[in-house]
Amino acid sequence: MTTKTTFNMKDLSKAVADNFDMSGKQGAAVVRHVFDTIKAELMKGHQVRLHHFGTLEARSRKAGVARNPQTGQKLTVPQRRVLKLTVATSLKADLAHS
């Protein structure tokens, strides 16, 4: 059985701290600030373009009707905002060659 490894915020904070010779708390603060800034821009309705990674965008998804597969009952799904990531071509190419 293959085990999947997950790279999380704690790992990212440690990597930033190690790379820039910071304490763990400073690395965590930098990472938290970056993600808080991205979130704030998305909440304002702005696109966030990250070079060689992709574009994040908050979009509205229309209301619709869904069906519960177990009971067959139809449900009304309200309009909501969702996050869309369009992956950069360069990242797709890097992943394809890894």
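Two strands count as paired here if DSSP finds at least two bridges between them. The model shown is predicted.

**View 1. The whole chain, from end to end.** The protein has 3 helices and 5 strands. Their order along the sequence is α-α-β-β-β-β-β-α. The radius of gyration is 19 Å, whereas a compact globule of 98 residues would have one near 13 Å. Along the principal axes, the C-alpha atoms fill a box of roughly 55 × 45 × 30 Å. Of the 98 residues, 13% count as buried. Take the contacts between residues at least 6 apart in sequence: 32% of them join residues at least 24 apart.

**View 2. Surface and charge.** The accessible surface comes to about 8500 Å². Carbon and sulfur atoms account for 57% of that surface. There are 17 positive and 7 negative side chains. The centres of these two sets lie 15 Å apart.

View 3. Strand β3 covers residues 64-67 and strand β4 covers residues 74-77. The two strands pair in the antiparallel sense, over 4 bridges. V65 has T76 in β4 as its bridge partner. The hairpin places 6 residues between its strands. G72 sits in the turn, with a positive phi of about 80°.

View 4. Strand β1 spans 48-50 and strand β2 spans 54-61. They run antiparallel and are joined by 3 bridges. L50 stands opposite G54 in β2. This hairpin has 3 residues between the strands. H52 lies in the loop between β1 and β2. H52 is not a glycine, yet its phi is positive, at about 65°. Most residues other than glycine have a negative phi.

**View 5. The pairing of β2 with β5.** Strand β5 covers residues 80-87. It runs antiparallel to β2, and 8 bridges join the two. L56 has L85 in β5 as its bridge partner. L56 is also one of the residues in contact with L42, a residue of helix α2.

**View 6. L42 in helix α2.** L42 belongs to helix α2. Its relative accessible area is 11%, so L42 is buried. D18 is 24 residues away from L42 along the chain, and their C-alpha atoms are separated by 29 Å.

View 7. S13 lies in helix α1. Helix α1 spans 9-19, and helix α2 spans 24-43. S13 is buried because its relative accessible area is 11%, under the 20% cut-off.

**View 8. D21 in the loop between α1 and α2.** D21 lies in the loop that links α1 to α2. Is D21 buried or exposed? D21 is exposed, with a relative accessible area of 76%. D21 has a positive phi of about 55°, although it is not a glycine.

Notes
Residues are numbered from 1 along each chain as its sequence is written. This is a predicted model: local features need pLDDT of at least 70, side-chain atom pairs count only at pLDDT 80 or more; totals for chains, interfaces and linings use all residues. Side-chain values use heavy atoms; hydrogens and water are left out. The radius of gyration is taken over C-alpha atoms; the globule rule is 2.2 Å times the number of residues to the power 0.38. Buried means under 20% relative accessible area, exposed over 50%, partly exposed in between (1.4 Å probe, protein chains only). Contact means heavy atoms within 4.5 Å. Accessible areas come from the Shrake-Rupley method with a 1.4 Å probe; for residues, only the protein chains shown count as cover. Lys and Arg count as positive and Asp and Glu as negative; His and the chain ends are not counted. The place of a charge is taken as NZ of Lys, CZ of Arg, CG of Asp or CD of Glu. Lists of a residue's contacts leave out its neighbours within four places in sequence.
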